[in-house]
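Student: I would like to take a close look at a single part of this model and then follow it into its surroundings. Please take me through it in one connected answer.

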Amino acid sequence: MSAEEHKPKREKLPRQAMPEQTPLDRIRNFLEVPHGFPPEIAKIEAHRCIECKKPKCTQGCPVDVNIPEFLARIREGDFLEAAREIKRNNSLPAICGRVCPQEEQCESRCVLGIKGESVSIGRLERFVADY
């Protein structure tokens with residue numbers, strides 16, 4: 001069997017958890033609780049996108065970010081190009097990646113969310129902006 005055959009299918013990959021401060025740490029500071037995705041986890045999460053022919057996630061984005069395109073750049077490890085793709089339509093991705101209600105907008109339209117959990121589009125937007 002090839003290495004490709006050992007990889008789980010995209011739709012079988014679980015939604016990746018975002019690392020965060022422990023409760024003991026967070027009671028002693030005023031830093032953000034979630035740390036954000038490290039590059040390796042961001043690539044895995046972006047790999048969950050099944051690259052729909054007619055992506056509904058983009059239709060759910062109020063600023064019309066080309067979500068499949070920026071996810072493809074993350075999968076390739078080209079995080080700066082992913083940021084450029086987002087910034088074509090959104091000048092504040094670091095803020096939107098944190099406060100935009102993605103669960104009700106782009107993520108609610110993700111095809112993976114029909115039978116499981118959608119791609120963490122907002123968390124990936126935050127990752128790219130912070131990178």
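Student: Does Glu51 count as buried, partly exposed or exposed, and at what relative accessibility?

Tutor: Keeping in mind that this is a predicted model, Glu51 counts as partly exposed because its relative accessibility is 43%, a value that falls between the 20% limit for buried residues and the 50% limit for exposed ones. Glu51 sits in the loop that runs between α3 and α4 (56–59), and its backbone has a positive phi of about 55° even though the residue is not a glycine. A further non-glycine residue with a positive phi is Asp64, where the angle is near 60°; Asp64 belongs to the loop between α4 and α5 and, at 46% relative accessibility, counts as partly exposed.

Turning to helix α3 (residues 39–47), we find that Ala42, Glu45 and Ala46 are buried. These three cover an arc of only 100° around the axis, so they lie on the same side of α3. The buried residues of α3 pack against α5 (67–76) and α9 (121–130). From another residue, Ile74, the contacts include Ala42, Lys43 and Ala46, as well as Leu124 and Val128. Ile74 is also among the residues with the most contacts inside the largest nonpolar core, which has 24 residues, and the elements that give two or more residues to this core are α3, α5, α6 (79–87) and α9.

Terms used: Residues numbered from 1 in each chain as written. Predicted model: local features only at pLDDT ≥ 70, side-chain atom pairs only at ≥ 80, totals over all residues. Heavy atoms only, no water. Buried < 20%, exposed > 50% of the residue type's maximum accessible area, 1.4 Å probe, protein only. Helix = DSSP H or I, 4+ residues; strand = E, 2+ residues; numbered from the N terminus. Arc of directions from axis to C-beta. Contact = heavy atoms within 4.5 Å. Core = buried A, V, L, I, M, F, W, Y, C linked by side-chain atoms within 4.5 Å. Lists of a residue's contacts leave out its neighbours within four places in sequence.
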